[in-house]
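Here is a short report on a single protein chain. Keep the sequence and the 3D view open while you read.

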Amino acid sequence: MTSPVIVWFRDDLRLSDNPALTHALASGAPVLCAYVMDEGPSGKRPLGGAARWWLAGSLKALDVSLRAIGGRLHVFAGDQSQLILDLSQQLQASEVVWNRRYGGTQTAIDAGVKAALRQAGVSAMSYNGHLLNEPWTVTSKVGGPMKVFTPYWRAALAKGA
């Protein structure tokens with residue numbers, strides 16, 4: 001039996017233009033789509049009522065879309081870092097993939113998950129699913145992050161496709 005690939009959905013609850021999902025499907029392996037409701041400390045405010053309502057509807061819509069192509073969304077609750085690691089081990093997954101987030105706390109969580117997965121022998125790969133250019137690919141003349149749009153745009157255009 002071929003080991004599955006886990007697609008970890010987070011802030012990008014869509015099928016189209018989703019590089020992590022595209023990679024998983026192209027692998028030819030079974031694909032498990034997962035979302036983790038993490039109520040633990042993540043450096044951001046807990047979701048309010050309206051946000052919870054929106055999230056519930058979005059997760060349901062994603063599940064409907066996945067079922068239309070023969071899959072489904074598995075929703076878990078708990079510590080996202082531990083749950084993804086445990087799930088990968090229970091399923092003997094070959095790989096876990098996701099689209100990047102760029103907030104400070106989020107990148108730290110993602111880096112920790114990636115390191116833990118790799119230490120456990122599971123391939124882990126993240127993709128740019130949100131930005132025209134990764135923040136580190138278009139920098140100021142002194143090598144730092146851009147702070148003003150017009151210089152960024154000029155540098156991005158000069159960089160090319």
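## Overall build

Of the 161 residues in the protein chain, 35% are buried. The model is predicted. The C-alpha atoms fill a box of roughly 50 × 40 × 30 Å along the principal axes.

The secondary structure comes to five helices and five strands. Along the sequence, the pattern reads β-α-β-α-β-α-β-α-β-α. Take the contacts in the protein chain with a separation of 6 or more: 73% of them join residues 24 or more positions apart.

## Helix H2

Helix H2 covers residues 49–68. Its 20 residues, at 1.5 Å a residue, should span 28 Å. The end C-alpha atoms of H2 are 29 Å apart, which agrees.

The buried residues of H2 are Leu-55, Ser-58, Leu-59, Leu-62, Asp-63 and Leu-66. Seen down the helix axis, the buried residues of H2 fall within an arc of 140°, so they line one face. That set packs against three strands: S1 (5–9), S2 (31–37) and S3 (73–77).

The other side of H2 carries exposed residues. They are Gly-49, Ala-50, Trp-53, Trp-54, Lys-60, Val-64 and Ala-68. After H2 comes Gly-70, with a positive phi near 95°.

## Helices H3 and H4

H3 spans residues 80–90, and H4 spans residues 104–119. The two helices pack at an angle of about 25°. Angles under 35 degrees count as roughly parallel, and H3 and H4 are therefore roughly parallel to each other. Their axes lie 10 Å apart. The crossing of H3 and H4 is right-handed.

Which residues meet where H3 and H4 pack? H3 supplies Gln-80, Ser-81, Ile-84, Leu-85 and Ser-88. H4 supplies Ile-109, Val-113, Ala-116 and Leu-117.

## Ser-123 in strand S5

Ser-123 sits in strand S5, which runs over residues 123–127. Is Ser-123 buried, partly exposed or exposed? Its relative accessibility is 35%. Buried means under 20% and exposed means over 50%, so Ser-123 counts as partly exposed.

Leave out residues up to four places away in sequence, and Ser-123 touches Ser-94, Glu-95 and Val-96. Val-97 is 26 residues from Ser-123 along the chain. The C-alpha atoms of Ser-123 and Val-97 are separated by 8.4 Å.

Notes: Residues are numbered from 1 along each chain as its sequence is written. This is a predicted model: local features need pLDDT of at least 70, side-chain atom pairs count only at pLDDT 80 or more; totals for chains, interfaces and linings use all residues. Side-chain values use heavy atoms; hydrogens and water are left out. Helices (H or I, at least four residues) and strands (E, at least two) are DSSP runs, numbered from the N terminus. Buried means under 20% relative accessible area, exposed over 50%, partly exposed in between (1.4 Å probe, protein chains only). Contact means heavy atoms within 4.5 Å. The expected span of a helix is 1.5 Å times one less than its number of residues. The arc is that of the directions from the helix axis to the C-beta atoms. Axes are lines fitted to C-alpha atoms, for helices over the stretch in contact, and angles run from 0 to 180 degrees between N-to-C directions. Angles under 35 degrees count as roughly parallel, over 145 as roughly antiparallel, 65 to 115 as roughly perpendicular and the rest as oblique. A crossing is left-handed if the near helix is turned anticlockwise from the far one by less than a right angle, and right-handed if clockwise.
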